[in-house]
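Please study the structure shown below. The questions that follow concern its packing, its open space and some of its residues.

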Amino acid sequence: ALATPPVLLQRFHRHYGYHSRRHGAFSGKDADTFVNWHRRTDIRDDQDGPRQLNGNAASILSLRGGGIHGNLALTLTDTEYLPIANNVASVAPVHPAPLVYTANATGPQQVEQARLYKLNLEEFRVYHSVNQALRSQQLEAVNPTYLLAVKDPILGFGQVTSLALITHLRTVYGIITLTMLTQNKKKMSANWHPPTPIEDLFEQL
């Protein structure tokens, strides 16, 4: 039989405890772990920063989007994510409304409702904590000059998602690979020999 949402949430949190003990990534009991996690894995150390960022997102468990790709949806567009997840969308968790017990709920029923409420609230907190950690990695790796267009004058980057930063950089500045940088450096270092037209040198640069 398929697991019900409450059972899935229980598995979700049991795995978080295991994942944290084994990999040092996250514990629901210690939100500060995210600070150390994003500093340990610096995307500036990898010439392929976007791929490293995707790996970081995928390493933190989430039951959404099929449940086997972690929080990868935080760094990929729907067009990129859906083929990977067999067209199972990853929908961001919403903050649960204040807990209100159902009418005539017994004592044990109220305990169960409170427990499930806490699980939903924790999933919401984890999702946004992961996004915050990914965003912090990007802000440390990218010159802030290139991100001013998405920076709010009051909130700064507080409400900007990791994917929004990625989308902005792709749209405005394109994607620059290590191969492109190497070829460009080689082209700029090539000798210019008069009487070759000076325009050829300008084109070379």
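**Questions on a predicted model**

Q: Where does Val94 lie?
A: The model is predicted, so local features need pLDDT of at least 70, side-chain atom pairs count only at pLDDT 80 or more, and totals for chains, interfaces and linings use all residues. Residues are numbered from 1 along each chain as its sequence is written, and side-chain values use heavy atoms, with hydrogens and water left out. Helices (H or I, at least four residues) and strands (E, at least two) are DSSP runs, numbered from the N terminus. On this basis, Val94 lies in the loop between helix H4 (78-84) and H5.

Q: Is Val94 buried or exposed?
A: Buried means under 20% relative accessible area, exposed over 50%, and partly exposed in between (1.4 Å probe, protein chains only). The relative accessible area of Val94 is 66%, and therefore Val94 is exposed.

Q: At what angle do helix H5 and helix H6 pack?
A: Two packed helices are described by the angle between their axes and the distance between the axes. Axes are lines fitted to C-alpha atoms, for helices over the stretch in contact, and angles run from 0 to 180 degrees between N-to-C directions. Helix H5 covers residues 107-141 and helix H6 residues 162-173; their axes are 8 Å apart, and the angle is about 35°.

Q: Which aromatic pair does the structure hold?
A: Rings of Phe, Tyr and Trp (its six-membered ring) pair if their centres lie within 6.5 Å; planes under 30 degrees apart count as stacked, over 60 as edge-to-face and the rest as tilted. A search of the whole structure finds one aromatic pair. With 5.1 Å centre to centre and 75° between the planes, the pair is edge-to-face, and its members are Tyr146 and Tyr173.

Q: Why does the pair tie together parts that are apart in sequence, and how many residues apart are they?
A: Tyr146 is in the loop between H5 and H6, whereas Tyr173 is in helix H6. The pair therefore ties together parts whose separation in sequence is 27 residues.

Q: Which element gives the largest share of the lining of the second largest pocket?
A: The lining has 21 residues, and those nearest the centre of the pocket are Leu74, Ala92, Tyr127, Asn131 and Thr161. The elements that give two or more residues to this lining are H4 and H5. The largest share, five residues, comes from H5.

Q: What is the phi of Asn104?
A: Asn104 is found in the loop between H4 and H5. At 77% relative accessibility, Asn104 counts as exposed. Asn104 is not a glycine, yet its phi is positive, at about 65°.

Q: How far apart are the C-alpha atoms of Ser62 and Ser90?
A: Ser62 lies in the loop between helix H3 (49-58) and H4, and counts as buried at 6% relative accessibility. Ser62 and Ser90 are 28 residues apart along the chain, and their C-alpha atoms are separated by 9.3 Å.

How values were computed:
On a 1 Å grid over the protein atoms alone, a cavity is a set of points where a 1.4 Å probe fits but cannot get out, and a pocket is an open set with protein on both sides within 12 Å along at least five of seven lines; lining residues have an atom within 4 Å of a point.
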